[in-house]
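Hi,

Here is the structure I promised to pass on. Have a look at it first, and then read my notes below.

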Amino acid sequence: MISNEDRVAASRAITRRTALRRVAAGAGITATTLWLNRLDLLAQDPAMHTHVAAAASAQAAAAPFTPKVLTRAQLESVATLAELIIPTTSTPGARAALVDRFVDNLMANAQPADKDRFLTGLAWIDTRSNALYSKPFTGATPEQQTELLTKLAADSGHAAEDAPGVPFFTAIKGMTIAGYYSTKIGLEQELGDDGQLFNPVFVGCTHPEHQI
Amino acid sequence: MQVIKSPKVYPVIVIGSGAAGGMAAWNLTQKGAQVLMLDAGDKFDRGKFWTHVRPWEARERRAKGEAPQQFFLDTKEQPYKVPEGKHFDLTRVWGLGGKTNVWGRVSLRLSEMDFKAAASDGWEIPWPISYADISPYYDKVEQLIGVCGGDDDSETLPGSKFLQPAPAPRCAERLMQKGAKSLGIDIVAGRRANMTKPTRGSPPCHYCGGCGAGCDTASFFCSADHLIPFAVKTGKLEIRPNAVAARVLVDDKGKARGVQYFDRKTGAEHEVLGKVVIVAASCVDSTRILLNSKSTAYPNGIGNSSDVIGRYLCEQIRLNAVGWMPALAGGPTRNDRGIGGEHIYLRRFNHKAPHKRDYLRGFGVQFWNTGASDTGAHNGSETIPGFGAALKTEIKRRHPAWVEIHPFGEALPYANNRITVGGAGEDRYGVPLMTISYEVGENERKMTEHMADTIEELAKASGVELVNYKRGALDRNGSAIHEHGTCRMGEDPKRSALNKFNQMHDVPNVFVVDGSSFASATEKNPTLTILSLSWRATDYLADQMKQGVL
């Protein structure tokens, strides 16, 4: 009963209903095409924040993990891409935050066509890397990896050979942001959330320059 | 299958347990009346509220097979049809307290301008009541449920002496207040049913911001916490859980005699008898029940000789705009959780020069997710170009600086925006499902332009850089979750279904006390008015019962 156009509109707008239903979820992401939007909405769904070990602790990272969708090689590609997008700086990056497992779980819950497009994108990255550097993406040097992502991240002027990878990059960037910043590492260590949920008073803004 | 009946006749049957039904049951039992409440679900389990569960903890718990309390009705259980080319997203909560378990809590008084809007602009019928009729009830409701707010008072948003202290605004909220002021627009303290002082046995709000998952300390108003337990304490309230009301039953004199319902667990059909039936199942479900209550006396649904029931569905229009304030970027990450929503409200201002334009009614503006998000990077972070350390630095820099601007506008009542039954199949109990046919009109489109201009002007004046902004892209129909108008009150029985006490013109022992009774939607969140109308209607009903009229 719902037209395709409506579905597009629905996935663009973060509706109040969606907001209500993703209370505990991470960041919202908006992208430009329908399949990306569907994956974005999925990434924000609290129900999807599952089967990813807690807080990416050393213990959790060391615990045995069996991916649901991705192969070990694909998982490593995702981890590599995610770490390039949100790298280790003075705080841990996306790899330590186990964003690869977050993406694996998203794929397990994605519509089959969306999952296929994502996996096609993942395969494309290797093909393109092979063409450019004679190595699959994870085998390329960090400089080569950065060079390839820089092509995909450009606002415009993509070479025809790079165009197929652009929506894929948008997708994995959005998932990485949603996954990373909803971990303890991302939210508390990196962004500085104080984690305080029992606050006897709400202080609010005290800056003299902000007052009316 | 055999119908399960009992000879017991209840003085009053209330269908629904949310704001409308909870208030009706509370008020009537305080006054000594025996009430049977039919609730379509169970009491929600506070032990399963994930109010304080951080996103990573949620992952851990879900991995172990745990899940939080599910509040929302799965549409698959009770589907509805939408005509091709239209859309309407219906959100329902079946269970004790209904939507008040997870509501947005914004509690705004309607004004005399709202009650008299149709009388002055001629669009559809005016309300049969004035502000003076309802303001004593607003006073009482605010004291009962605990609403925080400021000391402002205007012709579009009447003030109140009964508000609890408002939480201080966040930085970005202060800056938007300043920006709005330069445009000649007032942004005042928000009003929300979060208790900022201990209220009726509940501790005050602890500013965790997790209200949408249900409050673990019952520090915001929920019918299941703040009305129903007090009604139960009187010994006068009987609650029948998992009772999905299907029809109001009618006797041969055309009066209501009870309610037919189906047990949600067993599917068994039941009939309960009552002298008075109060319909309070929320706007859309109440309408479906009324339209399905067909009889020889009421071939198109009980109390529907006017043919207004189901028509004039109004659902507010909304825009979303996300942006960030460069002036706040790079600052420290503050604990911006607060009362789980904005602490400010931009009240309607378009009623006079220089803001007045060529359309009817008005809009107000609410603000979500201001400041540092406590669940992840803010929606919009993905629009920051590039990747790597620079992206990470910029996401952190903007983290304290995000704002969301959300105008809510009144949708006019139109006869063809309607709920119908028949032709949409049947539910699991064999009861006809409904079709919701809804679209916005020219007035709403003009208002949308003004709402978009306001977003853009406010953003400019207060230093907000909008991201992903699509001018005038209305949210999905239904997403305000403020349905009104499909069983409206009015003076004229030919143009309305209910009188000024929410009593059916056609059937004096049926009252409809939820949002369906509104004659217009206004731009304001409806719950405070639903509570007030339900209290007022049941005061009247109790008097009628005492006099032996009902």
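Predicted model: local features only at pLDDT ≥ 70, side-chain atom pairs only at ≥ 80, totals over all residues.

Let me start with a pair of residues in chain B: Val12(B) has Val35(B) as its bridge partner in strand S2(B). Strands here are DSSP runs of E with at least two residues, helices are runs of H or I with at least four, and both are numbered from the N terminus. S1(B) and S2(B) run parallel to one another and pair over 4 bridges; to count as paired, two strands need at least two DSSP bridges between them.

Residues are numbered from 1 along each chain as its sequence is written, chains are lettered from A and ligands numbered from 1 in the order in which they are written, and side-chain values use heavy atoms, with hydrogens and water left out.

Now to where the chains meet. On the chain B side 82 residues are in contact with 77 residues of chain A, contact meaning heavy atoms within 4.5 Å. The area buried between the two chains is about 6600 Å², with 58% of that from carbon and sulfur atoms. Buried area is the accessible area (1.4 Å probe) that two parts lose on being put together, summed over both. Of the area that chain B buries against chain A, Arg59(B), Phe387(B) and Lys392(B) supply 14%, more than any other three residues.

Between chain B and chain A, 26 residue pairs are in polar contact, both residues being at pLDDT 80 or more. A polar contact is a pair of N or O atoms within 3.5 Å; within protein, one must be able to donate a hydrogen and the other to accept it, and residues adjacent in sequence count only if both atoms are side-chain atoms. The elements giving two or more residues to this side of chain B are helices H2 (55-63), H6 (171-182) and H10 (389-398). H2(B) gives the most, with 7 residues. By type, the chain B residues that touch chain A divide into 31 nonpolar, 27 polar and 24 charged. (Nonpolar covers Ala, Val, Leu, Ile, Met, Phe, Trp, Tyr, Cys and Pro; charged covers Asp, Glu, Lys and Arg; the others, Gly among them, are polar.)

How many salt bridges cross the interface of chain B and chain A? The rule finds 4, where a salt bridge is a side-chain nitrogen of Lys or Arg within 4 Å of a carboxyl oxygen of Asp or Glu. Arg54(B) and Asp193(A) form a salt bridge, at 3.6 Å from N to O.

Over all chains, the whole structure holds 47 salt bridges. One of them joins Lys31(B) and Asp539(B) at 3.3 Å, N to O. The two are 508 residues apart: Lys31(B) is in the loop between helix H1 (19-30) and strand S2 (35-38), and Asp539(B) is in helix H12 (527-546). Lys31(B) is partly exposed at 47% relative accessible area, while Asp539(B) is buried at 14%. Buried is under 20%, exposed is over 50% and partly exposed is in between, with a 1.4 Å probe and protein chains only.

Another salt bridge pairs Asp152(B) with Arg191(B), the closest N and O atoms being 3.0 Å apart. Both of these residues are buried.

Thr80(A) lies in helix H5(A), residues 72-85, and is buried at 9% relative accessibility. A polar contact of 3.2 Å joins its side chain to that of Arg95(A). Asn292(B) is in helix H9(B), residues 283-292, and is buried as well, at 5%. The side chain of Asn292(B) reaches the backbone oxygen of Pro432(B) at 3.1 Å. Beyond neighbours within four places in sequence, Asn292(B) has contacts including Ala246(B), Arg247(B) and Val421(B).

Cheers
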